[in-house]
Amino acid sequence: MINNENIQDLERFSKLAAEEFARYASEPRTEEYVKAAELILEAKAKGNRLHITGIGKPSHVAEYGASLISSTGTPTYYLHGTEAVHGSCGQLVPGDVVICISNSGETAELLNTARAIQNNGCAIIAVTGNENSSLAKLGQAHLYAGVGQEGGPLNRAPRASILAECFALQKLSVLLQSQYGLDPKQYVKWHPGGTLGHLRDDEK
């Protein structure tokens with residue numbers, strides 16, 4: 001049964017997550033996003049593509065990011081973080097851009113993948129919580145997604161860092177969508193199902 005200690009853990013996490021996110025969101029770091037977006041747009045203008053990868057929990061962030069960015073005007077593909085070094089780098093074409101997500105920036109499997117990505121002639125945008133990490137240094141651009149604490153029992157499981165990584169990709173998607181100039185009619189064509197598949201009264 002849920003007891004008072006469990007509830008206190010929940011309340012502590014809610015407070016910490018709100019504080020961490022507010023602190024992170026208050027630092028816009030606009031130049032980082034402009035550099036990353038321009039890298040993507042330059043590749044897109046040449047017929048190249050965008051991919052996103054990660055290991056563990058960030059791999060799920062990568063799948064979400066690929067779906068979000070694709071749905072707002074920039075076709076984006078999920079690259080499996082470990083399968084990349086076992087043949088999935090075949091989905092890459094020289095000149096493509098790959099967003100690599102790692103909180104520490106030191107995850108061995110992702111660093112192996114990042115080096116394989118570079119060896120296949122692609123540029124890297126690193127999303128990390130450590131600007132001086134190995135992954136950040138491999139990137140042609142870097143989006144900072146750092147938090148002080150994860151929150152929750154043990155303060156180890158990725159929680160607050162995942163919020164920051166998602167927000168970083170959301171911010172990038174806003175910049176790319178704004179440049180693309182997506183209108184409501186095109187958006188609805190890409191989202192024919194659910195409530196998103198209908199024009200609002202002020203969009204008709």
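Guide: Buried means under 20% relative accessible area, exposed over 50%, and partly exposed in between, with a 1.4 Å probe and protein chains only. This is a predicted model, in which local features need pLDDT of at least 70, side-chain atom pairs count only at pLDDT 80 or more, and totals for chains, interfaces and linings use all residues. Residues are numbered from 1 along each chain as its sequence is written, and side-chain values use heavy atoms, with hydrogens and water left out.

Visitor: What makes Leu-154 count as exposed?
Guide: Its relative accessibility is 76%. Exposed means over 50%, so Leu-154 counts as exposed.

Visitor: Where does Leu-154 lie?
Guide: Leu-154 is in the loop between β5 (141-144) and α6 (160-180); helices (H or I, at least four residues) and strands (E, at least two) are DSSP runs, numbered from the N terminus. Phi of Leu-154 is near 75 degrees, a positive value in a residue other than glycine.

Visitor: How do you know that β1 and β3 pair?
Guide: Two strands pair if DSSP finds at least two bridges between them. Five bridges join β1 (residues 50-54) to β3 (residues 97-102), so these strands pair, and they run parallel.

Visitor: What is the strand order of the open sheet?
Guide: The order of its five strands is β2-β1-β3-β4-β5, with parallel pairing. β2 (76-78) and β5 each have a single partner strand, so they stand at the edges.
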